[in-house]
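This report is intended for a reader who meets the structure for the first time. The sequence and the model are shown below.

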Amino acid sequence: MTGPLVTLLYSLAGALLLLTALYLWLRERRSPSSSMRWFVFTCLSLLAWLVTLYFFQQSTDSQIVLVIGRLNFAAASIAVYGVYRLVRAVAGLPNTQVDSGLLLATVLISGISAITPWIDQAELITTSGANHETIYGPLFPLYLIHLVGLLAASLWTAFRQRQEIVWSSGSHIRDQLLLLGWGILSTGMVSLVTNIVLPYNFGNFDYIMLGPLSTVLLLLAVAYAVVRHQLFDIRIFLRKTLVLGIALSLVLAAYSAM
């Protein structure tokens, strides 16, 4: 997947992530809530994942491709930790020793991803020049466990805490967690299939560009939670973001169908 349309889609998705993070941070910078801080963190790390994958796919310099590819792996590992902490913050759960341990593991894994060949061993440009293929290192299964484990923990926390919140005392939080759960599930499923299952198990790199674009699904879920269910305690939250996100999703769906 390359070409002007992919560039346009990536530009729109990147703009949505960046503008959303900037808007929230500038609006609430004096007294940011924990959930808002983690959402900004998640947006920026997802933006890094999107940008590095785009330039990874576009570059033809083998050394640049190698560096960007490894940074892409690191950004993904950081993003899933941000998603996990976002869910816990929305649910009102305090920071625990487990969270601190997961943070340490995330820093360690992202560092290994960025500077060693143990997770991302090398990149090669295919003979067609259209796709780049990753040679996975010996620690990639550990990296995969880290990603899937944090995504699973995020989903479990969202849906479990939703069940434990009493209707009368936290109906908005219940709805926020439900939307977050579905946003994480949809984005996570697309990303895991296109960026891990197909490349790692079947050697198919044709759809890796769809993974970062699927972050729009999470953005839409968060935007709807903000507008309808008072997420981040903001009454008006970039209604244009919601409209642009829907338009981008429709364009992506049409492109995928073609």
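In this predicted model, helices α4 and α5 cross with a left-handed sense. From helix α4, the residues Leu102, Ala105, Thr106, Ile109 and Ser113 take part in the contact, and from helix α5 the residues Tyr143, His146 and Leu150. Sorted by class, the residues of the contact of α4 with α5 comprise 5 nonpolar and 3 polar, with no charged. Helix α4 spans residues 97-115 and helix α5 spans residues 140-164; their axes come within 11 Å and cross at roughly 140 degrees. Angles over 145 degrees count as roughly antiparallel, and α4 and α5 are therefore oblique to each other.

Two packed helices are described by the angle between their axes and the distance between the axes.

| Helix pair | Axes come within | Crossing angle |
|---|---|---|
| α2 (residues 34-58) and α3 | 8 Å | roughly 160 degrees |
| α3 (residues 62-90) and α4 | 7 Å | roughly 165 degrees |
| α4 (residues 97-115) and α5 (residues 140-164) | 11 Å | roughly 140 degrees |

The axes of α3 and α4 cross at roughly 165 degrees, which makes α3 roughly antiparallel to α4. The crossing of α3 and α4 is left-handed. On the side of α3, the contact is made by Arg70, Leu71, Phe73, Ala74, Ser77, Ile78, Tyr81, Tyr84, Arg85 and Arg88. On the side of α4, the contact with α3 is made by Asp99, Leu102, Leu103, Thr106, Ile109, Ser110, Ser113 and Ala114. The classes in the contact of α3 with α4 are 10 nonpolar, 4 polar and 4 charged residues.

For α2 and α3, the axes cross at roughly 160 degrees, and the two helices are therefore roughly antiparallel to each other. The crossing of α2 and α3 is left-handed. The contact of α2 with α3 consists of 21 nonpolar residues, 8 polar residues and 1 charged residue.

The chain as a whole may now be considered. Its secondary structure comprises 9 helices and 2 strands. Along the sequence, these elements follow the pattern α-α-α-α-β-β-α-α-α-α-α. The chain has 258 residues, of which 49% are buried. Among the contacts in the chain with a separation of 6 or more, 70% are between residues 24 or more positions apart.

Leu18 is placed in helix α1, which covers residues 4-28. The relative accessible area of Leu18 is 36%, so this residue is partly exposed. Leu18 and Leu44 stand 26 residues apart in sequence, and their C-alpha atoms are 6.8 Å apart in space.

Leu198 belongs to helix α6, residues 167-202. Apart from neighbours within four places in sequence, Leu198 is in contact with Val193, Gly203, Asn204 and Tyr207. Between the C-alpha atoms of Leu198 and Ile208, which are 10 residues apart along the chain, the separation is 8.6 Å.

Finally, the confidence of the prediction should be noted. The chain has an average pLDDT of 83, and 79% of the residues score at least 70. Where in the chain is confidence lowest, and where is it highest? The lowest confidence is found in helix α9 (residues 239-257), with a mean of 53, and the highest in α4, at 96.

Notes. Residues are numbered from 1 along each chain as its sequence is written. This is a predicted model: local features need pLDDT of at least 70, side-chain atom pairs count only at pLDDT 80 or more; totals for chains, interfaces and linings use all residues. Side-chain values use heavy atoms; hydrogens and water are left out. Axes are lines fitted to C-alpha atoms, for helices over the stretch in contact, and angles run from 0 to 180 degrees between N-to-C directions. Helices (H or I, at least four residues) and strands (E, at least two) are DSSP runs, numbered from the N terminus. Angles under 35 degrees count as roughly parallel, over 145 as roughly antiparallel, 65 to 115 as roughly perpendicular and the rest as oblique. A crossing is left-handed if the near helix is turned anticlockwise from the far one by less than a right angle, and right-handed if clockwise. Contact means heavy atoms within 4.5 Å. Ala, Val, Leu, Ile, Met, Phe, Trp, Tyr, Cys and Pro count as nonpolar, Asp, Glu, Lys and Arg as charged, and the others, Gly among them, as polar. pLDDT is the predictor's confidence in each residue, from 0 to 100. Buried means under 20% relative accessible area, exposed over 50%, partly exposed in between (1.4 Å probe, protein chains only).
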